[in-house]
Amino acid sequence: MRIKVFNTLTRKKQVFKPLNDNEVRIYTCGPTVYDYAHIGNLRTYVNEDIIRRTFEIFGYKVLHVMNITDVGHLTSQADTGEDKIEKAAKEKQKTAWEIAEYFTQEFFKDIETLNIQKAHIIPKATQHIKEMQELIEKLKEKGYAYIIKDGIYYDTSKFKDYGKLSGMSFKKLNKYLIEGARVEPVEGKRNITDFALWKFSPKDKKRQMEWDYITEWKLSKEEYEKVLQFSKENPNIKILEVREENGYYRVKFNFVGFPGWHIECSAMSMKYLGETFDIHAGGIDHIPIHHTNEIAQSEGATGKKFVNYWIHCNFLLVNNQKMSKSLGNYYTLRDLLEKGYSWREIRFLFISAHYREEQNFTFEALNAAKASIERIRNFLHSLKNAKGKHSKEFTSILKKTKKEFLKNLADDFNMPKALATLFNFITEVNKLLAENKISERDGKKAIELILFFDKVLGLKLDEFLKEEELPEEAKKLIEERDRLRKEGRFEEADKIREELRNKYKIVLEDTDKGTIWKKAD
């Protein structure tokens, strides 16, 4: 069965063809670690986990890289404003390094709680400055880079297909960014779409995160005079050596500063996955600027296609509104756990909508997810207690369900349809259970299928089976109650029922197949 992927680049579903047989190389945009991840961020990470798990269940070997942005992501996407890490450090009276490390570890706790598989390689931006500078050098040599007052910028007009990911031409994208006020003007930029490759540390304040960048440039007299003036205004633009050469100037600089946000992902992804790799995933908000700029600088530097398949997750709304602290509808994972919801219910909610569809978060939807999880738990318990006769109908349902589930996954990771297949299976098998047509062996096969599905769902459903191991004392009480009921001593039997509920948190159900129990709500 072949996997079909909706490719943002081509704007259509395509049969996935890896660069190397049975191997998938994936890069996913990681967090900027200046605060806790909110539930919109986490929805994206959960859905990216589903994508990875789907490839794995289909037998692919996955190499997954996810970055940590711990420097260079400014409060404006236009390369203006404060660095988010440094801003948080100032507000919390910590160092930028302390802020980045603390929220990196908190992010890891969140993904572990939600049973999101950790990427195989998790590079930090601050540990890859050398690779970023080397990439900027390539862009400089190919004529894409230029110097202005506050940094080194990429000239987007020189990249032939700039904007192709968004479906807009260079001209249209420039107009869109102006009209949508997506990008503020920066003095000296040639085009509004141009973006920073390297930012110079400001002259009037000391940054906590900054690096030397020693580089040589060939400049015209006019360009040299401009940079000479910049260097007089900002001591972080240091001219180390100047040589005249055929009417040009060879100038050796030390640009003290920090990388632009976009260059980080290009440098780290290509270091670990190669100049061309299979899949790049992230949030839909990254399409017009961040991912568009990644393509421009990566393909500009290498002359090769950067990524074959681009996958983007849509937004999470809260009560049909954009999530905002000012609206009081901003939630982190901790907020929901403190309200008494479990990680399973939160994960289930996130996978219940297709990753490409906008999802509306409500507490009613979270309560519905809770009910769905309970339905699966009860079903597994019923299967474990199955003692009926085998029916051919069950074998047919089992084969049909597995085929449909995998077919839905292969259709652009369609989890809503895959979950519908799962719950249809529960409904059909429950009917057979009620008719005493599920044998003990059938029950085991059905459990195996559910646990196979869980390799993608990631709900740790095997834990529901483990929790069904009762202490010997509880088992003896159930046997004692059965004996009392047979003897007509119902009042004493009811006292044991209450004891089992209060002491062991289980409830009993008397059926024509005998007494079965399940965990109390």
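Begin with the surface. The chain exposes about 24500 Å². Carbon and sulfur atoms supply 47% of that area. Keep in mind that this is a predicted model.

**The whole chain**

Now zoom out. Along the principal axes, the C-alpha atoms fill a box of roughly 110 × 50 × 35 Å. Colour by secondary structure: the chain comes to 17 helices and 17 strands. Of its 521 residues, 54% count as buried. Look at the contacts too. Among those with a separation of 6 or more, 78% are between residues 24 or more positions apart.

Select residues 277-283, which form strand β12. Is this strand enclosed or open? 7 of its 7 residues are buried, so the rest of the structure largely encloses strand β12.

To find the pairing, pick Thr28, which stands opposite Ala281 of β12.

Pick Phe277 here; its bridge partner in β13 is Val307.

How does the chain pass from β12 to β13? Show helix α8, residues 287-302: together with β12 and β13, helix α8 makes a right-handed β-α-β unit.

**Salt bridges**

Side chains of opposite charge can pair when their charged atoms come close. A search of the whole structure finds 38 salt bridges. Here are some to visit.

Select Arg190 and Asp155. Their side chains meet in a salt bridge, 3.0 Å from N to O. The pair links distant parts of the chain, 35 residues apart. Arg190 lies in the loop between α5 (170-179) and β7 (195-200). Asp155 lies in the loop between β6 (151-154) and α5. Arg190 counts as partly exposed, because its relative accessibility is 44%. Asp155 has 3% and so counts as buried.

Move on to Arg344 and Glu463. The closest N and O atoms of this salt bridge are 2.7 Å apart. Here two helices are linked: Arg344 is in α10 (residues 343-351), and Glu463 is in α15 (residues 462-466). The two residues are 119 residues apart in the chain. Which side of the pair is buried? Arg344 is, with a relative accessible area of 10%. Glu463 counts as partly exposed, at 35% relative accessibility.

Now select Arg356 and Asp412. Their side chains meet in a salt bridge of 2.8 Å, N to O. Again the pair links distant parts of the chain, 56 residues apart. Find Arg356 in the loop between α10 and β15 (359-361). Find Asp412 in the loop between α12 (392-410) and α13 (415-434). Arg356 is partly exposed, at 28% relative accessibility. Asp412 is buried, at 0%.

**Last stop**

Select Glu480, Arg483, Glu487, Arg489 and Glu492 together. What links them? These residues are joined in a network of salt bridges.

Terms used
Residues numbered from 1 in each chain as written. Predicted model: local features only at pLDDT ≥ 70, side-chain atom pairs only at ≥ 80, totals over all residues. Heavy atoms only, no water. Buried < 20%, exposed > 50% of the residue type's maximum accessible area, 1.4 Å probe, protein only. Helix = DSSP H or I, 4+ residues; strand = E, 2+ residues; numbered from the N terminus. Pairing = 2+ DSSP bridges. Right-handed = clockwise from strand over helix to strand, strands pointing away. Salt bridge = Lys/Arg side-chain N within 4 Å of Asp/Glu carboxyl O. Contact = heavy atoms within 4.5 Å. Areas by Shrake-Rupley, 256 points an atom, 1.4 Å probe, with all protein chains shown as cover.
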